[in-house]
Amino acid sequence: MYGIYIHFPYCVHKCSYCDFYSIENLNSRNKFTEMLCREIELRSKMISGKIKADTLFFGGGTPSLMKPHHIEKIFDTLHKFVEFTPDAEMTMECNPGTIDTKYMSVYKSLGINRISFGVQSFIERDLIFLERIHSSDDVGKAVQTARDAGFDNISIDLIFALPDQSPEDWRYNLNRAVELNTNHISAYSLIYEPGTPLFEEYISGKIKPQDEDSDTELYEITDEILSAAGFGQYEVSNYAKPGYKCRHNLKYWSGDEYLGLGPSAHGYINGKRYWNHRNNDIYFKMLSRDELPEEGSELLTRNQIIFEKIYLGLRAEGLDIRLFKDTYNIDLAAKNIDLIKRLESSGCLTFAQGIIRLTNKGYFMGDTITIDFALSIE
């Protein structure tokens, strides 16, 4: 069963920390919709028969800038080539500053059943620093608008480890998010991505990032507050109440196949990973010639697949050793007895009922631990 990701490449304002592809000129939205529908048709030919999918995710950019007629046309095309399961999870990312009550009602009527708000912070100075276009007050209004439109699966994104952010600031953000009674919270540590304005300020010395100890403290606060509020951690940065894990993102962490559509989107089909051009003009030009808008692709080797399985499993809900052995004919536990004992004794992982899981402490060493496990199978 496939997942489908659609990248909407438009924003009212490009935030200084964001390295996702987006542009601020909205004039080509009609052309984008037309070309996206053409890509859906072309991608369907990669799969024999109708595409069977159980998740759909509109990301970006700011998908909530899509007008109802854009979404309607996209869904009309999707239903021609995709067979969604009756319980399919369909997510729309939204900026709290771009919410339109009428739009939300249309999204709901078309089958979208999950809303993800890019909140990032409830503190005004943080929102100014991150160059967000919404205010703290906008968040509560946006959540209520979504509820009024009939959405009962609502997620919030938050960012921690901002320069000079105190533990008290972060506690305030988390408690505000909990008070909104949403079902899912993603909490990400701020990353200084090369090529972003924020990275340039970091390189020039204008910004001083949080040190590792402070980052760790904020991460531990996240687990403390969200666990007490009934959220379970199911991935390094994601917490959900029972029954509200993001099924689409679980596909990425499980190594499942998914279609990526839109400029800069990545996909993984039949052992092939591909990525589209990060440029609307090139995307439009190639599709107008009925060419897939791929910038590149690769067929994953067995070792690459195994490495990703280890990495993704450890950063999410754990590695099932028996399933791993059945799939790859490798007894990962037997090959790493001493490593597992050492990491257990240091409080970095647990190994119970055939599942290896990282602890909060282990998440901070996830890359190193992944490499240690991977080296044992070479």
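Rings of Phe, Tyr and Trp pair if their centres lie within 6.5 Å. In this predicted model, Phe160, Trp170, Tyr219 and Tyr363 form one aromatic cluster.

The structure holds 15 aromatic pairs. One of them joins Phe8 and Phe32. Phe8 belongs to strand β1 (residues 2–8), while Phe32 belongs to helix α1 (residues 29–44). The pair therefore ties together parts that are 24 residues apart in sequence. Both Phe8 and Phe32 are buried.

A further pair is made by Phe58 and Phe75. Here the centres are 6.1 Å apart, with 45 degrees between the planes, and the pair is tilted. Phe58 sits in strand β2 (residues 51–60) and Phe75 in helix α2 (residues 68–81). The two residues are 17 apart, and the pair links distant parts of the chain. Phe58 counts as buried because its relative accessibility is 0%. Phe75 counts as buried too, at 1% relative accessibility.

Rings also meet charges. The charged end of Arg43 sits over the ring of Tyr274, 3.9 Å from the ring centre. Arg273 lies over the face of Tyr268, with 5.7 Å to the ring centre.

Next comes Lys241. This residue is in the loop between β8 (238–240) and α9 (247–254). Which residues does Lys241 touch, not counting residues up to four places away in sequence? They are Asn181, Thr182, Asn183, Ala229, Gly230 and Phe231. With Thr182 there is a polar approach: a polar atom of the Lys241 side chain lies 3.5 Å from the backbone oxygen of Thr182. Asp211 is 30 residues from Lys241 in sequence, and their C-alpha atoms are 30 Å apart in space.

The backbone has some features to check by eye. A cis peptide bond joins Gly60 and Gly61, with omega about 25 degrees. Gly61 lies in the loop between β2 and α2.

Two residues other than glycine have positive phi: Ser264, near 80 degrees, and Gln353, near 55 degrees. Where does Ser264 lie? Its place is the loop between β9 (258–261) and β10 (266–269). Gln353 is in the loop between β14 (349–352) and β15 (355–358). Is each one buried or exposed? Ser264 has 11% relative accessibility, so it counts as buried. Gln353 has a relative accessible area of 72%, so it is exposed.

Conventions. Residues numbered from 1 in each chain as written. Predicted model: local features only at pLDDT ≥ 70, side-chain atom pairs only at ≥ 80, totals over all residues. Heavy atoms only, no water. Phe/Tyr/Trp six-rings, centres within 6.5 Å; stacked < 30°, edge-to-face > 60°. Helix = DSSP H or I, 4+ residues; strand = E, 2+ residues; numbered from the N terminus. Buried < 20%, exposed > 50% of the residue type's maximum accessible area, 1.4 Å probe, protein only. Lys NZ or Arg CZ within 6 Å of the ring centre and 35° of its normal. Contact = heavy atoms within 4.5 Å. Polar contact = N/O pair within 3.5 Å; in protein donor to acceptor, adjacent residues only side chain to side chain.
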